[in-house]
Amino acid sequence: MEVSYRWLADFLDLEVSDEAVEKYAERLTQAGAEVESVERIEAPSSLTVGKVTDLRPHPDADNLFLAVIEDGQSKVPTITGADNLEAGALVPLIKAPGKLPDGKEIEAQSFRGEESRGMLCSKEELGLEEKSQGIWLLDGFGFSVGDELTEALEFDDYRLSFEITSNRPDLLSVIGIARELSVLTGKELSPPEPTFNSDAPAPVEIEIEDPEDTPRYTARTLSDVEVGASPLRIQHRLAKVGLRPKNNVVDATNYAMIELGHPLHPFDLDRINGETIRIRRAEAGERLTTLDGEQRELGPENLVIADSDNPVALAGIMGGQTSEVTSFSKNILLEGACFDQARIRKSSQLLGMTTDASRRFEKGMDPGATVRAINRVTEILGEQKAFATASKLADSYPAPAEPKKITLREERANSIIGVEIEKNEIERILTGLGCGVDESSDEGFSVTPPSVRVDLTREIDLIEELARIHGYDMIPETAPDSGEVNLFRTREEKATEKAREVLTGLGLYEVISPGFAPAKQLDEEKSGVKLKNPMGEKRSKLRPDVASSLVRHAENNFKEDSDSIALFEIGNVFQSGEDQPLESTGLGVFLAGRRYEGIDGKENYGFWDLKGVLEDFFAALAIDASFEPGGPEFLHPGRKAEVSLSGESVGFAGELHPDRAEEYDLPERVYLSELDFGALIERTSFEGSYEKLPQFPASKRDLSLTVPKDVAEKDIRATINDQPRVESLYLYDLYQGEQIDSDKRSLTYEITFRDNEKTLSDEEVDKIVGSIREELKAKGIALRE
């Protein structure tokens with residue numbers, strides 16, 4: 001949320017300087033209202049009101065005009081490309097030399113023989129809107145030639161950006177921040193107290209279908225309204241906090257929302273059918289075109305404001321086009337309501353809509369604030385003489401909330417905080433926060449929090465308020481009573497930590513995903529666990545696997561032009577069970593793109609890279625795993641394997657089928673694996689194994705074999721390793737081609753032999769090789785000479 005410092009100064013006596021702003025920002029942050037940034041809003045130099053006295057086309061340039069501007073002291077020649085000027089118009093002028101609010105310098109210059117000694121400004125150039133269509137025309141604002149605009153627009157200001165937590169909706173307003181500053185600094189707060197009395201009856205009735213959805217709905221009508229531009233001060237204040245000025249009616253509701261924190265909405269009363277405003281759930285299939293021009297299909301989860309025929313607004317989110325206030329509107333209905341935060345959150349998520357209003361209602365609004373908010377809008381428009389008459393309030397408040405009373409014990413507060421706070425200081429803090437305080441109780445203070453403080457429900461909440469306002473830095477340091485600390489870690493925690501350490505050491509990046517199923521699943525037979533009360537369509541199911549989440553992350557990374565992706569994730573997965581969902585832990589690995597290894601660094605990941613990562617991982621965790629033919633259908637049929645522990649499948653590894661890779665907008669070759677991490681945990685060894693360094697030299701032999709293609713390499717490896725004194729085995733050549741039968745292949749191994757008790761003779765090594773040859777010959781494998 002963004003707040004104008006000058007706006008805050010309406011309610012507090014604040015110095016306007018860099019040092020003061022930084023000091024107050026730091027104090028607010030320390031007290032929990034985190035100020036993320038402070039931005040200085042620079043003033044343009046010599047911004048004055050000028051009058052166009054002469055306007056003609058540039059004699060030597062198409063689409064340019066020469067405009068002579070009178071500023072009360074001189075006549076200033078300017079060159080402009082704007083086509084909305086006319087003689088006699090009032091415009092903002094910066095004379096050269098000067099500068100714009102963004103620091104851009106304005107210099108006198110000549111263009112094709114014509115001189116320009118100033119600049120005519122648009123709203124965009126002054127920071128009042130994102131995009132302008134021409135020069136800002138100031139006619140109708142009551143200005144005279146030569147008037148200064150800098151102070152009228154409050155340019156000399158600061159913009160404070162806040163990160164407001166979900167439990168503090170009271171801080172989503174200028175007055176909320178001002179109240180915090182007041183109690184922190186001791187400066188007197190002068191809050192707005194708008195009132196408006198009228199004898200005119202409201203021409204509408206309020207009908208609330210369910211008070212749980214709508215605790216309160218307040219409305220007022222304004223007649224003979226003149227819809228036009230807001231005063232410049234209001235426009236610029238809205239622009240400084242990120243809201244686009246539109247017209248005086250809409251601007252007044254936005255201004256009151258930012259100032260007081262309560263969202264409001266104006267309707268064109270003449271475009272509402274009937275005399276009853278209904279707040280109800282939408283019917284299945286009902287449609288509403290919202291103010292952003294989108295047609296929304298609604299359902300029973302959406303709360304709407306409706307007239308006698310149709311919905312006219314999405315409650316707490318956005319109004320509808322059919323009742324939009326335009327320059328032709330004459331009669332206005334002002335809405336100030338309080339909606340259930342869970343209902344608005346659900347409706348917003350289902351429709352994929354987030355607005356300034358919905359963000360506030362989702363955090364919880366104060367039912368008691370609707371009248372003050374509508375009175376403030378009425379006051380703002382009344383000051384502009386923008387309407388002829390205003391009605392009484394039409395107010396439906398079926399079940400007014402009873403004020404909460406909390407007992408606060410002084411001894412308890414001081415004990416928990418760790419410092420003694422005087423009784424009068426406790427009272428000052430609580431009353432400064434808007435609480436009612438009664439000291440007459442024998443048990444302690446009887447405190448009535450303001451209804452806007454939805455977070456104050458218990459004694460401990462009040463104690464926290466005392467601590468943060470008194471100042472955490474004022475609490476002395478004391479050594480804690482550590483007591484007994486349990487340093488035991490479960491087997492799962494140790495295995496998870498070890499797995500992360502190994503995989504990051506192998507060059508992979510860890511991914512942490514929410515546990516929801518992506519829109520597309522690799523295994524279409526696994527649908528995940530459907531949630532009964534989802535937060536939205538994208539979060540309606542719990543995921544059945546980790547691999548699909550990794551593919552989605554990879555897809556997003558490739559869209560951002562990443563050319564090398566190596567990811568892993570350890571996370572929960574879910575399957576439907578008979579009584580309740582079954583939850584387990586999965587480990588996923590994903591490789592695609594360039595390896596950035598080798599001479600030119602352009603080699604891409606392959607299946608053997610994935611297999612190598614898994615083998616190194618298994619070795620680090622002392623797990624004896626094997627790779628068998630098999631794997632799911634979404635993998636390439638010739639480049640996949642089933643991963644097994646003692647003959648039991650625990651997952652798969654392989655290349656994603658090219659057809660599936662196209663569905664995901666991924667490169668042609670993508671490699672992934674998913675393993676049952678729970679099964680791996682049971683087999684993981686955390687005890688290190690050590691061997692004595694060899695004392696005797698090794699002997700090496702190369703062995704070239706002609707092997708039938710149907711013989712698995714792992715069987716050859718097992719046969720050789722079973723021989724005594726074989727220390728290691730390395731396959732370094734594989735050949736298939738014209739010089740060998742088509743049903744065979746050539747494998748060449750380097751075998752290392754060693755005896756721990758003596759040096760092996762050549763005869764002894766030859767004897768072992770002969771034994772290996774006989775064993776292999778029995779399997780149909782011949783030794784190549």
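Before you click on anything, here is a word we'll need: a contact means heavy atoms within 4.5 Å. What you have open is a predicted model, where local features need pLDDT of at least 70, side-chain atom pairs count only at pLDDT 80 or more, and totals for chains, interfaces and linings use all residues. Residues are numbered from 1 along each chain as its sequence is written, and side-chain values use heavy atoms, with hydrogens and water left out.

**Stop one: two helices**

Select residues 423-432, which form helix α10, and residues 459-470, which form helix α11. (Helices are DSSP runs of H or I with at least four residues, strands are runs of E with at least two, and both are numbered from the N terminus.) Two packed helices are described by the angle between their axes and the distance between the axes. Here the angle is about 100 degrees and the axes are 10 Å apart. Axes are lines fitted to C-alpha atoms, for helices over the stretch in contact, and angles run from 0 to 180 degrees between N-to-C directions. So α10 and α11 are roughly perpendicular to each other (that word covers 65 to 115 degrees; under 35 is roughly parallel, over 145 roughly antiparallel, and the rest oblique).

Now show side chains. Which residues of α10 meet α11? They are I426, R428, I429 and L430, and their partners in α11 are L462, E465, L466, I469 and H470.

**Stop two: the core**

Stay on L466: leaving out residues up to four places away in sequence, L466 touches L408, A413, I417, I421, I426, I429 and L430. L466 is also among the residues with the most contacts inside the largest nonpolar core, together with Y5, L8, F162 and L408. That core has 74 residues. (A nonpolar core is a set of buried Ala, Val, Leu, Ile, Met, Phe, Trp, Tyr and Cys residues joined through side-chain atoms within 4.5 Å; buried means under 20% relative accessible area, exposed over 50%, and partly exposed in between, using a 1.4 Å probe and protein chains only.)

**Stop three: ring pairs**

Rings of Phe, Tyr and Trp (its six-membered ring) pair if their centres lie within 6.5 Å; planes under 30 degrees apart are stacked, over 60 edge-to-face, and the rest tilted. By this rule there are ten aromatic pairs. Pick Y5 and Y158: their ring centres are 5.9 Å apart and their planes stand at 85 degrees, so this pair is edge-to-face. Y5 sits in helix α1 and Y158 in strand β12, 153 residues apart. Buried or exposed, what is Y5? Y5 is buried, at 1% relative accessible area, and Y158 is buried too, at 4%.

Next, select F196 and F387. Their centres lie 6.3 Å apart with planes at 70 degrees, so they are edge-to-face. F196 is partly exposed at 26%, while F387 is buried at 15%.

Then find F617, F618 and F627, which ring pairs link into a cluster.

**Last stop: K404**

Select K404, in the loop between β24 and β25. K404 is partly exposed, at 31%. Beyond residues up to four places away in sequence, K404 touches V447, T448, P449, R453, V454, L456 and T457. K404 and L456 are 52 residues apart in sequence and 9.0 Å apart in space, C-alpha to C-alpha.
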